[in-house]
Amino acid sequence: MAKALYATLEEEILSLKKERNAIILAHNYQVGEIQDVADLCADSLRLAQYAAKTDAKVILFCGVHFMAETASILCPDKMVLVPDLEAGCSLANMVSPQALQKWKEEHPGAVVVAYVNTSAAVKALSDYCCTSSNAVKVVQSIPEDKEILFIPDFFLGRYVQAQTGRKIHLWPGYCTIHARIKSEDIFKLRQEHPQAEFLMHPECGCLTGTMHLADRILSTEGIVNYVKESPAQEFIIATETGILHRLQKDNPAKIFYPAAKNAVCEHMKRNTLEKVSDSLEKLQYEVKVPKELADKARLPIERMMALV
Ligand code: CIZ
């Protein structure tokens, strides 16, 4: 394609998007510039719902690899692109299909609930997927007499266990970025800003130590919705810092304190505006889940999408 001259990269991206009949989906943890050019900025559940309904031919997924895989599974006829193939997920890497298969064999008849942060191969071996916004509902929908294996996030699993009172076997996985948020930092911030509401993501490694201090434990989309409605003017936000862009944009008069300034996901931040432009121009890099695998992984994903 002959390259036209544009005043800004944003203009170029918007024009390429039209030419390619593409949409840009951005996760809440993306850099601000990408959030600003996206058709939708949201959590993985809303992004998956949007992808499943779009008429566009190309979906450029700005997030991490497992999110693009989910879009490919839900939209096998579309071209799903990512700006950078190396944008993976520390948490998804903590459970392999082989390890899950072995765990299942040790618990015959158990129901596997997989957090959405898992590979397509792991989803294909699972009964249900969930996100942090509907994990409690998903577990509550499973008959009481069923044994549950929850993968891969230990802290989200602990939270769901506490909320549902269900006996759940937990996989010892965690997000290395949320693990940077420490209980000591939360105690300090609570003292410095006693008027601020404290909103925590359930992937936080400090969850067990500070859960009693949180005003709310919410998914990213839950945090976004809660802040809009709350009369409070200040908030301590315990999750990846990319979400602060959206929070500040939606609520310019409110003040946000990140629980840890270094809770920055290097994978999410591999995506840049330049790579978004290159991706649309060269139609790179395609993520395509093979049909046989996609057919197996679709059911747990659809169960997740039905429980919102
Ligand atoms: O489900 C998602 O998008 C993730 C990974 C976190 C959240 O709570 O939004």
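This passage looks at the ligand site and then at the aromatic pairs of a predicted model. In this model, local features need pLDDT of at least 70, side-chain atom pairs count only at pLDDT 80 or more, and totals for chains, interfaces and linings use all residues. Residues are numbered from 1 along each chain as its sequence is written, and side-chain values use heavy atoms, with hydrogens and water left out.

Around the ligand stand His27, Asp43, Ser44, Tyr115, Asn117, Thr131, Ser132, His201, Ser219 and Thr220, each with a heavy atom within 4 Å of it. By class, this shell has one nonpolar, eight polar and one charged residues. A backbone N or O atom of serine 44 lies 2.6 Å from a ligand oxygen, a polar side-chain atom of serine 132 lies 2.7 Å from one, and an N or O atom in the side chain of histidine 201 is 2.6 Å from one. The protein buries 99% of the 270 Å² that the ligand exposes when taken alone (Shrake-Rupley method, 1.4 Å probe).

Turning to the rings, the structure holds three aromatic pairs (ring centres within 6.5 Å). Phenylalanine 154 and phenylalanine 155 form an edge-to-face pair (planes over 60 degrees apart), because their planes stand at 90 degrees, with centres 5.4 Å apart. Phenylalanine 235 and phenylalanine 256 are stacked (planes under 30 degrees apart), at 5.6 Å centre to centre and 20 degrees between the planes.

Key
Polar contact = N/O pair within 3.5 Å; in protein donor to acceptor, adjacent residues only side chain to side chain. Nonpolar A, V, L, I, M, F, W, Y, C, P; charged D, E, K, R; others polar. Phe/Tyr/Trp six-rings, centres within 6.5 Å; stacked < 30°, edge-to-face > 60°.
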